[in-house]
Structure formats: structure tokens, C-alpha cells
Amino acid sequence: MRTLCVFAAGLLFAMGLGVSGMTDANKVIGFLNVAGTWDPSLAFVMVGAIAVHMATYRLIIKRTKPVFSDQFLLPTVTKINPRLVGGAALFGAGWGLGGFCPGPGVVSSTGFGEAALAFTVSMLMGMLLFHAVDPARTVAGSSS
Amino acid sequence: MMSDIINATIGGAMIGLAASMLLFFHGRIAGISGIVGGLLQRPGKDTAWQAVFVAGLLTGGVILTLVAPATIAEPSTRTVGAVAIAGLLVGVGVRMGRGCTSGHGVCGLSRLSKRSLVATISFMATGFATATIIQLFLGGTV
């Protein structure tokens, strides 16, 4: 049952990316490029997502535990440091260059398009590269 | 434009709901970079659910490809070389900064995390700057 619910969450996440326009890398570039014919519509993805998640998040964490596991595992790190800012900056540069962030990259790769595949394969290589360079930070398992 | 805004809002709401489902049922944050990156590490207690979540993502992608292929843009206006470099930057960046648009942007901001707010401002700033600079100085083609 847990497996089914986690699978359904992933499926809904992907469908949401598709419906919203986030899997269309050209549209994402049209959002991030304000010097062309700017298309601000993708800002509403964040509006819709945060509206729903913020409201439900508050209700969910009032529970003593999740339905199918022992505890809520939320990020506990609060440090704002150069790695956070620098890492996010690198990510943003790649996002503006290619038009893909991780979720849309993975989802779009199933269409076997050249760009989506190239992005996703090199993203996985970039992740592995970082794990190899900085193993100390990658033993903790999942994070945000 | 209006229909784009409606689609973006509905799709966003679906993403927010999916993140809430993962939290409600399994108590985890729906950060795609953490989930995908986790699968590239030594297998552990998170491996199974992470693999199932990614299977859900991929199944969603297949459904989109079959039902609404136009939602998955192809061909890209960027060259394959540029997209490959973009992938490397994203892969290194999201692991270094511990999150992406979903983990920091959607989940972190919803939790009112200052750390996620700082990360989101950072990747939004360089995202807008990069795409805009490519337009202004390279005519939008790389």
C-alpha cells in the first residue's frame, strides 16, 4: 500500500509538471529570458504548488507520524553558507542554459528527445561527479 | 496566455498535492534532486521508496508522451552541447546546494525555510540572468 501511494505521488508529480508547462524546455527558457517575448505564466506553477502544499503541510505535520512510516523526516539543516548559495547559483545557470530542472528532465527523458536525454544523462553524471569529489556530504542519504 | 496561466496553476497544484501525498503517506520531502541523487549513492533504507517514486515519475512521463506529446517539447531551441553542459551544471549544483525547484522551491518555501528561500532566490537570479544574457549577447542561440 505504501509502495502504491509513493508511486502515485511520483505519477501525479510528473503529470503536474506536464500540465503546468514545465516539461516544455522552450517554454521554460521563454519564462527565464525576460529580454525576448517574455512568458511569465510559469510563475503560477509556484503559486499553485505552494498554495496547496503550504496549506496541507500544516495539517499533515500535526499528525504524530505519517500513515505508512514511523516519523516525518524533514530537513534539519538551517545553515546558510556559500555551498548553499553557490550550488543553487550553479543549478540556476544550468536551468537558464538548458531549460530543464531535475524533475522535468527525468520526466521528459521518457519521450526520448535528444535534448531531454542529453540533459538527464549529463545531470546524472554531474551528480556522480559531485558525490565523488565530496563523499563526506553524500552519506546522509536523502535531502531536499 | 490566460489558458497558460490556468494550466500552470492547475499543474502547480498537482505538484503541491503530490508533495503532500509523499509527506502524508511516507513522511518525506518531494525533492527530485535529493531523490534521484539518492539513487546514485550506496543503497540504503531510502533506496526502495526513492526508486518507486522515480518509477512513478517515469510512468507519468510515458503517459504524457503518449497522451499529450506536445507537453514534452522537442526539438529544443538549444544545441545538444549546450543542454549537456546545462545538465552538468544542474547535477553538480543541486547536490552542492542540496535541492532544486521542488525541494527548495515548492517544499522549502511552503515550510517557510529561510535556507530554501535563500537557495530559491539564488537559482532564480542566475536562471533569469543566464537565459536573458544568452538572448541579449548571443541572440538566444547557444
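Visitor: How do you know which residue and chain a label means, and what counts in a predicted model?

Guide: Residues are numbered from 1 along each chain as its sequence is written, while chains are lettered from A and ligands numbered from 1 in the order in which they are written. Since this is a predicted model, local features need pLDDT of at least 70 and side-chain atom pairs count only at pLDDT 80 or more, but totals for chains, interfaces and linings use all residues.

Visitor: What pLDDT does chain B average, and what does the predictor give the complex?

Guide: Chain B averages 96, and 99% of its residues score at least 70; pLDDT is the predictor's confidence in each residue, from 0 to 100. For the complex, the predictor gives an ipTM of 0.96 and a pTM of 0.95.

Visitor: What makes up the secondary structure of chain A and of chain B?

Guide: Helices and strands here are DSSP runs numbered from the N terminus (H or I, at least four residues, for helices; E, at least two, for strands). By that rule chain A comes to six helices and zero strands, and chain B also has six helices and zero strands. The C-alpha trace of chain A spans about 50 × 35 × 30 Å along its principal axes; for chain B the spans are about 45 × 35 × 30 Å.

Visitor: Why is Thr65(B) called buried?

Guide: A residue is buried if 20 or more other C-beta atoms lie within 10 Å of its own, exposed if 12 or fewer, and partly exposed in between, with C-beta atoms placed from the backbone. Thr65(B) has 20 other C-beta atoms within 10 Å, so it is buried. This residue is found in helix α3 of chain B. Leaving aside neighbours within four places in sequence, Thr65(B) is in contact with Thr110(A), Gly111(A) and Ile72(B), where contact means that the C-beta atoms, placed from the backbone, lie within 7 Å.

Visitor: And how much of each chain is buried?

Guide: Buried residues make up 57% of the 144 residues in chain A and 61% of the 142 residues in chain B.

Visitor: What makes α2(B) largely enclosed?

Guide: Seven of its eight residues are buried, so α2(B) is largely enclosed by the rest of the structure. Those buried residues are Ile32(B), Ser33(B), Gly34(B), Ile35(B), Val36(B), Gly37(B) and Gly38(B). They pack against α5 and α6 of chain A together with α3, α4 and α5 of chain B.

Visitor: Which residues have the most contacts inside the largest nonpolar core?

Guide: A nonpolar core is a set of buried Ala, Val, Leu, Ile, Met, Phe, Trp, Tyr and Cys residues joined through C-beta atoms within 7 Å. The largest one has 86 residues, and Ala9(A), Ala18(B) and Leu89(B) have the most contacts inside it. Residues up to four places away aside, Ala9(A) touches Ala18(B), Met21(B), Leu22(B), Ala30(B), Phe53(B) and Gly56(B).

Visitor: How many residues does each chain give to the contact?

Guide: Chain B gives 114 residues and chain A gives 108. On the side of chain B that touches chain A, the largest share, 22 residues, comes from α1(B). That side divides into 61 nonpolar, 43 polar and 10 charged residues; Ala, Val, Leu, Ile, Met, Phe, Trp, Tyr, Cys and Pro count as nonpolar, Asp, Glu, Lys and Arg as charged, and the others, Gly among them, as polar.

Visitor: At what angle do α5(B) and α6(B) pack?

Guide: They pack at about 145 degrees, with their axes 8 Å apart. Axes are lines fitted to C-alpha atoms, for helices over the stretch in contact, and angles run from 0 to 180 degrees between N-to-C directions. The residues of this contact divide into three nonpolar, five polar and one charged.

Definitions and conventions:
Two residues are in contact if their C-beta atoms, placed from the backbone, lie within 7 Å.
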